[in-house]
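The stops below are given in the order in which they may be selected.

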Amino acid sequence: MLKLINNLEVKVSEALERAYPKIAADRQTKRDPLNVKVINASKAEFGDFQVNVALNLAKTLSQNPRDIASNIIKELEKDIQFLEICDTPKIAGPGFINLVIRNKHLKIEIENLLKDNRLGVAYVNQDKKHEKSAQIIIDFSSPNIAKEM
């Protein structure tokens, strides 16, 4: 699923750059990435994922976030690869972009994960010495059973 989310972030970033090339150029010269984050939808009725980049850019562009989201969606609708992954995005609330993964693509993702011994979890260290090493963090706690947690 991480690959899927990363792929969606790239697609939304590309659509944003096409919709607002000046912003993309300004951000690149300042070495400030557009910071498009695809997150899980807060409620099931909103779809699978949501993006709030339009809200973040509203002040910078001096535009309504819903208009920004609409322009990004217009660019996403032109992207054939994106439309193979997701249904047409929808705008919710003040300017959230909601994404729903197509069942056909979700089935492919799940089949690929089941074929993978690590279920899609990447190795933490990819250096030559320890190609298959991983880091595991274990947290030991000692709650006081006589007090509330």
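Select I68 and display its neighbours: I68 touches Y20, A54, L57, A58, L61 and Q63, leaving aside residues up to four places away in sequence; contact means heavy atoms within 4.5 Å. The model is predicted, so local features need pLDDT of at least 70 and side-chain atom pairs count only at pLDDT 80 or more, while totals for chains, interfaces and linings use all residues. Residues are numbered from 1 along each chain as its sequence is written, and side-chain values use heavy atoms, with hydrogens and water left out.

Next, select L8, F49, V51, I68, I72 and L99, which have the most contacts inside the largest nonpolar core, a set of 28 residues. Such a core consists of buried (under 20% relative accessible area, 1.4 Å probe, protein chains only) Ala, Val, Leu, Ile, Met, Phe, Trp, Tyr and Cys residues joined through side-chain atoms within 4.5 Å. Helix α1 supplies six residues, the largest share of this core.

Now select residues 2-19, helix α1. Its 18 residues should span 26 Å at 1.5 Å a residue, and the end C-alpha atoms are 26 Å apart, which agrees; the expected span is 1.5 Å times one less than the number of residues. Colour L4, I5, L8, E9, K11, V12, S13, A15 and L16, the buried residues of α1.

Finally, select K3, L113, D116, G120 and V121, the closest to the centre of the largest pocket among its 11 lining residues. The lining comprises five nonpolar, three polar and three charged residues.

Technical notes: Helix = DSSP H or I, 4+ residues; strand = E, 2+ residues; numbered from the N terminus. Buried < 20%, exposed > 50% of the residue type's maximum accessible area, 1.4 Å probe, protein only. 1 Å grid on protein atoms, 1.4 Å probe; cavity = no way out; pocket = protein on both sides within 12 Å on 5 of 7 lines; lining within 4 Å. Nonpolar A, V, L, I, M, F, W, Y, C, P; charged D, E, K, R; others polar.
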